[in-house]
Amino acid sequence: MQRHSLILAPAFLGALCLTGRPSPGLKDYYKDYFPVGVAVSVRNITGPDTTLILQQFNSLTPENAMKMGPIHPEEGRYNWKDADAIVDFATAHGLRIRGHNLCWHEQTPSWLFKDAQGNDVSKEVLLQRLKDHITTVVNRYKGRIYAWDVVNEAVADNAGPDSTRILRNSPWYRICGDEFIAKAFEYAHAADPQAQLFYNDYNTERPEKRQRIYRLLKQLVDAGVPITGVGIQGHWSIFEPSPDDLRATIDLFSGLGLKVQITELDISVYPWEKERRVLRPGESDAYTPRLQQQQADQYKKVFSVFREYKGRITGLTFWNISDKHTWLDDYPVRGRKNYPLLFDTAGQPKKAYWEVVNF
Ligand code: G3I
(Lines give C-alpha, C1' and ligand atoms only; values in the text may rest on other atoms or scores of the structure.)
Protein backbone atom coordinates (compact mmCIF):
# COMPACT_ATOMS: atom_id res chain seq x y z
CA MET A 1 0.00 0.00 0.00
CA GLN A 2 1.85 3.06 -1.26
CA ARG A 3 1.45 6.25 0.78
CA HIS A 4 1.91 9.60 -0.95
CA SER A 5 3.02 12.19 1.49
CA LEU A 6 2.00 15.80 1.62
CA ILE A 7 5.44 16.86 0.31
CA LEU A 8 3.87 16.50 -3.14
CA ALA A 9 1.63 19.49 -2.47
CA PRO A 10 4.26 22.21 -3.21
CA ALA A 11 5.27 20.37 -6.39
CA PHE A 12 1.64 20.30 -7.39
CA LEU A 13 -0.18 21.53 -10.47
CA GLY A 14 1.89 20.11 -13.26
CA ALA A 15 5.28 21.09 -11.79
CA LEU A 16 7.94 18.40 -12.07
CA CYS A 17 8.25 16.35 -8.89
CA LEU A 18 11.60 15.05 -7.64
CA THR A 19 11.88 12.42 -10.39
CA GLY A 20 11.59 15.06 -13.16
CA ARG A 21 8.24 13.61 -14.22
CA PRO A 22 4.94 15.54 -13.87
CA SER A 23 3.28 15.02 -10.48
CA PRO A 24 0.83 12.12 -10.64
CA GLY A 25 -2.87 12.97 -10.81
CA LEU A 26 -6.10 11.19 -9.91
CA LYS A 27 -6.03 9.34 -13.22
CA ASP A 28 -2.59 7.93 -12.34
CA TYR A 29 -3.44 6.91 -8.78
CA TYR A 30 -6.54 5.11 -10.11
CA LYS A 31 -5.12 3.74 -13.37
CA ASP A 32 -5.69 0.17 -12.11
CA TYR A 33 -9.31 0.91 -11.10
CA PHE A 34 -11.21 3.14 -13.54
CA PRO A 35 -10.78 6.26 -15.69
CA VAL A 36 -11.29 9.47 -13.71
CA GLY A 37 -13.21 12.17 -15.54
CA VAL A 38 -14.62 15.64 -15.05
CA ALA A 39 -17.58 17.61 -16.39
CA VAL A 40 -16.49 20.65 -18.36
CA SER A 41 -17.77 23.61 -20.31
CA VAL A 42 -15.90 25.38 -23.10
CA ARG A 43 -14.49 27.99 -20.70
CA ASN A 44 -12.68 25.17 -18.88
CA ILE A 45 -10.83 23.92 -21.96
CA THR A 46 -9.79 27.32 -23.26
CA GLY A 47 -8.29 28.83 -20.10
CA PRO A 48 -6.12 28.11 -17.02
CA ASP A 49 -8.15 25.03 -16.05
CA THR A 50 -6.59 22.98 -18.85
CA THR A 51 -3.41 22.34 -16.79
CA LEU A 52 -5.40 20.80 -13.95
CA ILE A 53 -7.67 18.90 -16.35
CA LEU A 54 -4.77 17.27 -18.20
CA GLN A 55 -2.82 16.50 -15.02
CA GLN A 56 -5.73 14.96 -13.12
CA PHE A 57 -8.25 13.47 -15.54
CA ASN A 58 -8.45 11.11 -18.54
CA SER A 59 -12.13 11.47 -19.39
CA LEU A 60 -14.46 14.40 -20.09
CA THR A 61 -18.22 14.90 -19.95
CA PRO A 62 -19.74 18.06 -21.47
CA GLU A 63 -21.62 19.58 -18.51
CA ASN A 64 -24.30 21.23 -20.70
CA ALA A 65 -23.18 21.48 -24.32
CA MET A 66 -24.71 18.20 -25.53
CA LYS A 67 -28.08 18.50 -23.77
CA MET A 68 -31.12 18.72 -26.06
CA GLY A 69 -31.73 22.45 -25.54
CA PRO A 70 -28.17 23.72 -26.06
CA ILE A 71 -27.36 21.41 -29.00
CA HIS A 72 -30.76 21.37 -30.77
CA PRO A 73 -32.37 24.75 -30.03
CA GLU A 74 -34.77 24.72 -32.98
CA GLU A 75 -36.35 21.90 -34.96
CA GLY A 76 -33.96 21.29 -37.87
CA ARG A 77 -31.17 23.48 -36.41
CA TYR A 78 -28.28 22.08 -34.35
CA ASN A 79 -25.68 24.09 -32.45
CA TRP A 80 -22.50 21.98 -32.58
CA LYS A 81 -19.97 24.65 -31.63
CA ASP A 82 -19.40 23.98 -27.93
CA ALA A 83 -19.90 20.22 -28.12
CA ASP A 84 -17.44 19.98 -31.01
CA ALA A 85 -14.88 22.09 -29.10
CA ILE A 86 -15.02 19.76 -26.12
CA VAL A 87 -14.85 16.60 -28.28
CA ASP A 88 -11.95 18.04 -30.31
CA PHE A 89 -10.05 18.98 -27.11
CA ALA A 90 -10.56 15.52 -25.62
CA THR A 91 -9.60 13.81 -28.87
CA ALA A 92 -6.46 15.95 -29.24
CA HIS A 93 -5.35 14.99 -25.71
CA GLY A 94 -6.37 11.33 -25.80
CA LEU A 95 -9.13 11.73 -23.22
CA ARG A 96 -12.24 9.52 -23.18
CA ILE A 97 -15.58 11.22 -23.69
CA ARG A 98 -18.95 10.49 -22.05
CA GLY A 99 -21.87 12.00 -23.96
CA HIS A 100 -24.47 13.69 -21.73
CA ASN A 101 -27.39 13.39 -22.35
CA LEU A 102 -29.76 12.24 -25.08
CA CYS A 103 -33.11 12.37 -23.29
CA TRP A 104 -34.00 14.40 -20.18
CA HIS A 105 -36.99 16.39 -18.92
CA GLU A 106 -34.78 19.43 -18.13
CA GLN A 107 -32.96 21.77 -20.53
CA THR A 108 -35.22 20.65 -23.37
CA PRO A 109 -35.83 23.06 -26.28
CA SER A 110 -39.17 24.85 -26.26
CA TRP A 111 -40.28 23.30 -29.58
CA LEU A 112 -39.78 19.66 -28.59
CA PHE A 113 -43.11 18.73 -27.01
CA LYS A 114 -45.37 21.16 -28.89
CA ASP A 115 -46.98 21.43 -32.34
CA ALA A 116 -47.39 24.66 -34.35
CA GLN A 117 -50.56 25.47 -32.38
CA GLY A 118 -48.77 25.04 -29.04
CA ASN A 119 -50.51 21.79 -28.20
CA ASP A 120 -48.72 18.64 -27.07
CA VAL A 121 -47.56 16.62 -30.05
CA SER A 122 -48.67 13.01 -30.42
CA LYS A 123 -46.63 10.07 -29.12
CA GLU A 124 -45.69 9.16 -32.70
CA VAL A 125 -44.43 12.68 -33.47
CA LEU A 126 -42.46 12.92 -30.22
CA LEU A 127 -40.83 9.52 -30.69
CA GLN A 128 -39.87 10.49 -34.25
CA ARG A 129 -38.34 13.75 -32.94
CA LEU A 130 -36.44 11.77 -30.30
CA LYS A 131 -35.22 9.33 -32.95
CA ASP A 132 -34.09 12.12 -35.28
CA HIS A 133 -32.28 13.88 -32.41
CA ILE A 134 -30.49 10.81 -31.08
CA THR A 135 -29.58 9.53 -34.55
CA THR A 136 -28.13 12.90 -35.60
CA VAL A 137 -26.18 13.56 -32.39
CA VAL A 138 -24.83 10.03 -31.86
CA ASN A 139 -23.88 9.70 -35.53
CA ARG A 140 -21.89 12.94 -35.39
CA TYR A 141 -19.63 11.61 -32.65
CA LYS A 142 -19.70 7.93 -33.62
CA GLY A 143 -16.44 6.23 -32.66
CA ARG A 144 -15.28 9.21 -30.54
CA ILE A 145 -17.78 9.07 -27.66
CA TYR A 146 -17.42 5.73 -25.87
CA ALA A 147 -20.40 6.07 -23.53
CA TRP A 148 -23.70 7.97 -23.53
CA ASP A 149 -26.08 8.92 -20.77
CA VAL A 150 -29.02 7.96 -22.94
CA VAL A 151 -31.88 8.65 -20.51
CA ASN A 152 -31.39 10.91 -17.50
CA GLU A 153 -33.45 10.97 -14.29
CA ALA A 154 -36.67 9.39 -15.57
CA VAL A 155 -37.55 7.72 -12.24
CA ALA A 156 -39.81 9.50 -9.75
CA ASP A 157 -38.17 10.91 -6.63
CA ASN A 158 -41.10 9.89 -4.44
CA ALA A 159 -43.66 7.11 -4.60
CA GLY A 160 -46.95 8.48 -5.88
CA PRO A 161 -50.41 7.25 -4.80
CA ASP A 162 -49.95 4.39 -7.24
CA SER A 163 -47.20 2.21 -5.74
CA THR A 164 -46.67 0.49 -9.09
CA ARG A 165 -45.65 3.82 -10.64
CA ILE A 166 -41.91 4.05 -11.36
CA LEU A 167 -41.48 7.09 -13.60
CA ARG A 168 -41.71 10.82 -12.93
CA ASN A 169 -44.60 12.63 -14.57
CA SER A 170 -42.48 14.37 -17.21
CA PRO A 171 -43.74 15.45 -20.68
CA TRP A 172 -41.95 12.35 -21.99
CA TYR A 173 -44.06 10.12 -19.76
CA ARG A 174 -47.29 12.07 -20.22
CA ILE A 175 -47.07 11.88 -24.01
CA CYS A 176 -45.34 8.52 -24.60
CA GLY A 177 -45.94 6.46 -21.48
CA ASP A 178 -42.85 4.46 -20.46
CA GLU A 179 -42.01 3.47 -24.06
CA PHE A 180 -39.70 6.47 -24.66
CA ILE A 181 -36.99 4.93 -22.49
CA ALA A 182 -36.54 1.68 -24.42
CA LYS A 183 -36.89 3.59 -27.70
CA ALA A 184 -34.13 6.04 -26.71
CA PHE A 185 -31.74 3.16 -26.07
CA GLU A 186 -32.72 1.44 -29.33
CA TYR A 187 -32.19 4.65 -31.34
CA ALA A 188 -28.76 5.21 -29.73
CA HIS A 189 -27.68 1.62 -30.31
CA ALA A 190 -28.74 1.75 -33.95
CA ALA A 191 -26.71 4.96 -34.43
CA ASP A 192 -23.54 3.61 -32.77
CA PRO A 193 -23.59 -0.11 -31.92
CA GLN A 194 -20.17 0.18 -30.25
CA ALA A 195 -21.15 2.90 -27.78
CA GLN A 196 -21.85 1.97 -24.14
CA LEU A 197 -25.36 3.10 -23.19
CA PHE A 198 -26.23 4.21 -19.65
CA TYR A 199 -29.31 5.06 -17.65
CA ASN A 200 -28.26 7.92 -15.30
CA ASP A 201 -29.88 9.07 -12.05
CA TYR A 202 -29.35 10.61 -8.59
CA ASN A 203 -30.29 9.65 -5.01
CA THR A 204 -29.67 6.07 -6.10
CA GLU A 205 -28.58 5.16 -2.53
CA ARG A 206 -31.95 6.04 -1.02
CA PRO A 207 -33.61 2.63 -0.61
CA GLU A 208 -37.05 3.58 -1.97
CA LYS A 209 -35.72 5.29 -5.09
CA ARG A 210 -33.03 2.63 -5.53
CA GLN A 211 -35.78 0.00 -5.72
CA ARG A 212 -37.76 1.99 -8.31
CA ILE A 213 -34.64 2.40 -10.45
CA TYR A 214 -33.91 -1.32 -10.09
CA ARG A 215 -37.42 -2.18 -11.30
CA LEU A 216 -36.93 0.01 -14.36
CA LEU A 217 -33.49 -1.43 -15.11
CA LYS A 218 -34.75 -5.00 -14.71
CA GLN A 219 -37.63 -4.30 -17.10
CA LEU A 220 -35.16 -2.98 -19.68
CA VAL A 221 -32.69 -5.85 -19.24
CA ASP A 222 -35.47 -8.49 -19.33
CA ALA A 223 -36.88 -6.93 -22.50
CA GLY A 224 -33.49 -7.13 -24.22
CA VAL A 225 -33.15 -3.35 -24.49
CA PRO A 226 -29.52 -2.48 -25.48
CA ILE A 227 -28.51 -0.94 -22.14
CA THR A 228 -24.89 -1.35 -21.00
CA GLY A 229 -24.86 0.24 -17.59
CA VAL A 230 -26.20 2.58 -14.97
CA GLY A 231 -24.82 5.95 -13.93
CA ILE A 232 -24.87 6.59 -10.20
CA GLN A 233 -24.58 10.37 -10.28
CA GLY A 234 -23.06 10.75 -6.82
CA HIS A 235 -24.38 14.20 -5.87
CA TRP A 236 -23.78 13.44 -2.22
CA SER A 237 -22.99 15.35 0.97
CA ILE A 238 -20.86 15.00 4.09
CA PHE A 239 -23.91 13.30 5.60
CA GLU A 240 -24.70 10.66 2.98
CA PRO A 241 -24.47 7.99 1.64
CA SER A 242 -23.33 5.42 4.18
CA PRO A 243 -20.83 2.88 2.85
CA ASP A 244 -23.46 0.14 3.29
CA ASP A 245 -26.11 2.02 1.30
CA LEU A 246 -23.55 2.64 -1.44
CA ARG A 247 -22.55 -1.05 -1.49
CA ALA A 248 -26.22 -2.09 -1.61
CA THR A 249 -26.81 0.10 -4.67
CA ILE A 250 -23.74 -1.12 -6.55
CA ASP A 251 -24.54 -4.74 -5.71
CA LEU A 252 -28.19 -4.43 -6.79
CA PHE A 253 -27.51 -2.73 -10.12
CA SER A 254 -24.40 -4.72 -11.07
CA GLY A 255 -26.35 -7.88 -10.18
CA LEU A 256 -28.35 -7.23 -13.36
CA GLY A 257 -25.15 -7.61 -15.37
CA LEU A 258 -24.91 -3.86 -15.86
CA LYS A 259 -21.71 -1.83 -15.68
CA VAL A 260 -21.74 0.82 -12.96
CA GLN A 261 -20.23 4.27 -13.28
CA ILE A 262 -20.09 7.17 -10.84
CA THR A 263 -21.04 9.90 -13.28
CA GLU A 264 -21.41 13.25 -11.45
CA LEU A 265 -19.50 13.07 -8.16
CA ASP A 266 -19.44 15.97 -5.73
CA ILE A 267 -19.79 16.00 -1.93
CA SER A 268 -21.66 19.05 -0.67
CA VAL A 269 -20.76 20.45 2.76
CA TYR A 270 -24.49 21.00 3.48
CA PRO A 271 -27.35 18.55 3.99
CA TRP A 272 -29.53 17.78 0.94
CA GLU A 273 -32.47 20.17 0.51
CA LYS A 274 -35.14 19.60 -2.11
CA GLU A 275 -36.65 23.08 -2.22
CA ARG A 276 -34.88 26.25 -3.34
CA ARG A 277 -34.50 29.09 -0.81
CA VAL A 278 -32.24 32.05 -0.02
CA LEU A 279 -29.45 32.14 2.55
CA ARG A 280 -30.99 33.05 5.89
CA PRO A 281 -29.68 36.05 7.89
CA GLY A 282 -26.80 34.87 10.04
CA GLU A 283 -26.49 31.56 8.15
CA SER A 284 -22.82 30.97 7.31
CA ASP A 285 -21.36 29.55 4.11
CA ALA A 286 -17.77 29.48 5.40
CA TYR A 287 -15.67 26.41 4.65
CA THR A 288 -14.66 25.73 8.26
CA PRO A 289 -11.91 23.29 9.38
CA ARG A 290 -14.65 21.05 10.76
CA LEU A 291 -16.43 20.91 7.39
CA GLN A 292 -13.10 20.26 5.67
CA GLN A 293 -12.47 17.28 7.93
CA GLN A 294 -16.03 15.94 7.57
CA GLN A 295 -15.70 16.18 3.79
CA ALA A 296 -12.28 14.48 3.81
CA ASP A 297 -13.78 11.67 5.92
CA GLN A 298 -16.72 11.19 3.53
CA TYR A 299 -14.52 11.20 0.42
CA LYS A 300 -12.24 8.65 2.10
CA LYS A 301 -15.23 6.39 2.86
CA VAL A 302 -16.79 6.44 -0.61
CA PHE A 303 -13.48 5.95 -2.42
CA SER A 304 -12.73 3.00 -0.16
CA VAL A 305 -16.01 1.45 -1.37
CA PHE A 306 -15.23 2.34 -5.00
CA ARG A 307 -11.93 0.47 -4.75
CA GLU A 308 -13.75 -2.61 -3.38
CA TYR A 309 -15.69 -2.73 -6.67
CA LYS A 310 -12.68 -2.78 -8.97
CA GLY A 311 -13.87 -4.19 -12.29
CA ARG A 312 -17.56 -3.46 -11.61
CA ILE A 313 -17.18 0.32 -11.44
CA THR A 314 -15.91 1.16 -14.92
CA GLY A 315 -15.67 4.93 -14.68
CA LEU A 316 -15.80 7.84 -12.26
CA THR A 317 -16.50 11.45 -13.17
CA PHE A 318 -16.45 14.55 -10.97
CA TRP A 319 -19.10 17.17 -11.66
CA ASN A 320 -17.02 20.34 -12.16
CA ILE A 321 -13.29 20.79 -11.69
CA SER A 322 -12.74 22.78 -8.48
CA ASP A 323 -14.53 24.83 -5.85
CA LYS A 324 -13.89 27.87 -8.03
CA HIS A 325 -17.12 26.96 -9.80
CA THR A 326 -19.69 24.34 -8.91
CA TRP A 327 -23.31 23.98 -9.98
CA LEU A 328 -24.01 23.85 -6.24
CA ASP A 329 -23.03 27.51 -5.79
CA ASP A 330 -26.39 29.23 -5.15
CA TYR A 331 -28.21 25.89 -5.55
CA PRO A 332 -30.50 25.03 -3.87
CA VAL A 333 -29.73 28.00 -1.60
CA ARG A 334 -29.28 31.33 -3.37
CA GLY A 335 -26.35 33.34 -2.05
CA ARG A 336 -24.56 30.31 -0.58
CA LYS A 337 -21.08 29.14 -1.66
CA ASN A 338 -20.40 25.41 -1.70
CA TYR A 339 -17.08 23.53 -1.63
CA PRO A 340 -17.92 20.02 -2.97
CA LEU A 341 -14.80 19.06 -4.96
CA LEU A 342 -11.21 17.90 -4.37
CA PHE A 343 -9.57 21.15 -5.49
CA ASP A 344 -10.05 24.51 -3.79
CA THR A 345 -10.98 27.82 -5.41
CA ALA A 346 -7.33 28.25 -6.46
CA GLY A 347 -7.18 24.75 -7.99
CA GLN A 348 -5.01 23.41 -5.16
CA PRO A 349 -5.60 19.94 -3.64
CA LYS A 350 -7.70 19.94 -0.48
CA LYS A 351 -7.45 17.69 2.58
CA ALA A 352 -10.02 15.43 0.87
CA TYR A 353 -7.77 15.01 -2.19
CA TRP A 354 -5.01 13.43 -0.10
CA GLU A 355 -7.48 11.05 1.54
CA VAL A 356 -8.56 9.93 -1.95
CA VAL A 357 -5.07 9.31 -3.30
CA ASN A 358 -3.45 7.93 -0.14
CA PHE A 359 -4.45 4.28 -0.18
O1 G3I B 1 -26.31 29.21 -21.25
C2 G3I B 1 -27.29 30.03 -20.58
C3 G3I B 1 -26.91 31.49 -20.69
O4 G3I B 1 -26.96 31.89 -22.05
C5 G3I B 1 -27.87 32.33 -19.84
O6 G3I B 1 -27.45 33.68 -19.88
C7 G3I B 1 -27.84 31.80 -18.40
C8 G3I B 1 -28.75 32.59 -17.49
O9 G3I B 1 -30.07 32.12 -17.63
O10 G3I B 1 -28.26 30.43 -18.39
C11 G3I B 1 -27.35 29.63 -19.13
O12 G3I B 1 -27.79 28.28 -19.08
C13 G3I B 1 -27.61 27.67 -17.81
C14 G3I B 1 -26.75 26.41 -18.01
O15 G3I B 1 -26.63 25.69 -16.77
C16 G3I B 1 -25.33 26.77 -18.51
O17 G3I B 1 -24.70 27.54 -17.54
C18 G3I B 1 -28.99 27.25 -17.28
O19 G3I B 1 -29.71 28.43 -16.97
C20 G3I B 1 -28.82 26.39 -16.03
O21 G3I B 1 -30.09 25.89 -15.63
C22 G3I B 1 -27.91 25.23 -16.35
O23 G3I B 1 -27.73 24.49 -15.13
C24 G3I B 1 -27.22 23.17 -15.35
C25 G3I B 1 -28.23 22.18 -14.80
O26 G3I B 1 -27.72 20.83 -14.96
C27 G3I B 1 -29.54 22.29 -15.54
O28 G3I B 1 -30.50 21.54 -14.87
C29 G3I B 1 -25.91 23.03 -14.59
O30 G3I B 1 -24.90 23.86 -15.17
C31 G3I B 1 -25.43 21.58 -14.66
O32 G3I B 1 -24.29 21.38 -13.81
C33 G3I B 1 -26.54 20.64 -14.18
O34 G3I B 1 -26.09 19.32 -14.34
C35 G3I B 1 -27.06 18.31 -14.01
C36 G3I B 1 -26.80 17.13 -14.94
O37 G3I B 1 -26.88 17.55 -16.28
C38 G3I B 1 -27.77 16.00 -14.63
N39 G3I B 1 -27.68 15.61 -13.22
C40 G3I B 1 -27.88 16.72 -12.28
C41 G3I B 1 -26.88 17.84 -12.56
C42 G3I B 1 -27.06 18.96 -11.57
O43 G3I B 1 -28.33 19.55 -11.71
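Here are legends for a few close-up views of this predicted model.

Before you zoom in: residues are numbered from 1 along each chain as its sequence is written, and side-chain values use heavy atoms, with hydrogens and water left out. Since the model is predicted, local features need pLDDT of at least 70 and side-chain atom pairs count only at pLDDT 80 or more, while totals for chains, interfaces and linings use all residues.

View 1. Look for Lys-209 in helix 8, residues 207–222 (helices are DSSP runs of H or I, at least four residues, numbered from the N terminus). Lys-209 has 3% relative accessibility, so it counts as buried (under 20% relative accessible area, 1.4 Å probe, protein chains only). Leaving out residues up to four places away in sequence, Lys-209 touches Val-155, Ala-156, Asp-157, Asp-201, Tyr-202 and Asn-203 (heavy atoms within 4.5 Å).

**View 2. The Lys-209 and Asp-201 side chains.** These two side chains make a polar contact at 3.1 Å (a pair of N or O atoms within 3.5 Å; within protein, one must be able to donate a hydrogen and the other to accept it, and residues adjacent in sequence count only if both atoms are side-chain atoms).

**View 3. Polar atoms at the ligand.** A ligand oxygen sits 2.7 Å from a side-chain N or O atom of His-100. On the Glu-264 side chain, an N or O atom is 2.7 Å from a ligand nitrogen. Trp-319 puts a polar side-chain atom 2.9 Å from a ligand oxygen.

**View 4. The shell around the ligand.** There are 14 residues around the ligand, and Glu-63, Lys-67, His-100, Glu-106 and Glu-264 come nearest.

Technical notes:
Helix = DSSP H or I, 4+ residues; strand = E, 2+ residues; numbered from the N terminus. Buried < 20%, exposed > 50% of the residue type's maximum accessible area, 1.4 Å probe, protein only. Near = heavy atom within 4 Å.
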